[in-house]
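Here are my notes on this model, as numbered points. Please read them beside the coordinates.

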Protein chains: 2
Amino acid sequence: MEKSITRSPKEKSVEKSFGQVLRQLREEHGLSQEELGLESGYHRTYISLLERGQKNPSLQTIFQLAKVLNVEPSEIVERVQTIIDTRSKRIPK
Amino acid sequence: MEKSITRSPKEKSVEKSFGQVLRQLREEHGLSQEELGLESGYHRTYISLLERGQKNPSLQTIFQLAKVLNVEPSEIVERVQTIIDTRSKRIPK
């Protein structure tokens, strides 16, 4: 069913979904990408890449961002799962 | 305890704790490092490095391992948090 050698669309969606969750949490906290970057120790361009699903965050990064965003790291991952599950139901194949 | 300039002991413990959780889950499933590697698409040496806390897994990797280990990715992260919380309580400073 999967054609890609290195990454399936499903895999790609982990990053896309994470980006969506990160943006949502950041906006809920009224932070700019720059502010979130400064508080978490990352460059704003890295935050931007994460939010656009172009970087695959490490567990370490998730813990660091979660601290600034005042959520449990597992809650971030749960939200990512929810988006992925909703998506895979929407796409019939 | 840590000599590195870039990482605090707290940060390092994310990887150590993840390694502990991964080993536990793998053993619960009666899988060898090689078997887990084969099923998840990683080399057994990478699994070994992860279990020893010497690699910082990406969110993608966590999702892939969780599938094979038949747990929710967020449950893995929750278990990591529990270990970190227990540890930080044990260390008085």
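1. In chain A, Q33(A), E34(A), L36(A) and G37(A) of α2(A) meet R44(A), Y46(A), I47(A) and S48(A) of α3(A). Contact here requires C-beta atoms, placed from the backbone, within 7 Å. Helices are DSSP runs (H or I, at least four residues), numbered from the N terminus. The residues of this contact comprise three nonpolar, three polar and two charged. Ala, Val, Leu, Ile, Met, Phe, Trp, Tyr, Cys and Pro count as nonpolar, Asp, Glu, Lys and Arg as charged, and the others, Gly among them, as polar.

2. This is a predicted model: local features need pLDDT of at least 70, side-chain atom pairs count only at pLDDT 80 or more, and totals for chains, interfaces and linings use all residues. Residues are numbered from 1 along each chain as its sequence is written, while chains are lettered from A and ligands numbered from 1 in the order in which they are written.

3. Helix α2 (residues 33–40) of chain A packs against α3(A) at about 110°, with the axes 8 Å apart. The two helices, α2(A) and α3(A), are therefore roughly perpendicular (65 to 115 degrees).

4. F18(A) has contacts beyond its neighbours within four places in sequence: L50(A), G53(A), P57(A), V80(A) and, from chain B, L59(B).

5. Between the chains, 17 residues of chain A are in contact with 17 residues of chain B. On the chain A side, α1, α4 and α5 each supply at least two residues. The largest share, five residues, comes from α5(A). This side of chain A divides into eight nonpolar, five polar and four charged residues.

Conventions. Two residues are in contact if their C-beta atoms, placed from the backbone, lie within 7 Å. Axes are lines fitted to C-alpha atoms, for helices over the stretch in contact, and angles run from 0 to 180 degrees between N-to-C directions. Angles under 35 degrees count as roughly parallel, over 145 as roughly antiparallel, 65 to 115 as roughly perpendicular and the rest as oblique.
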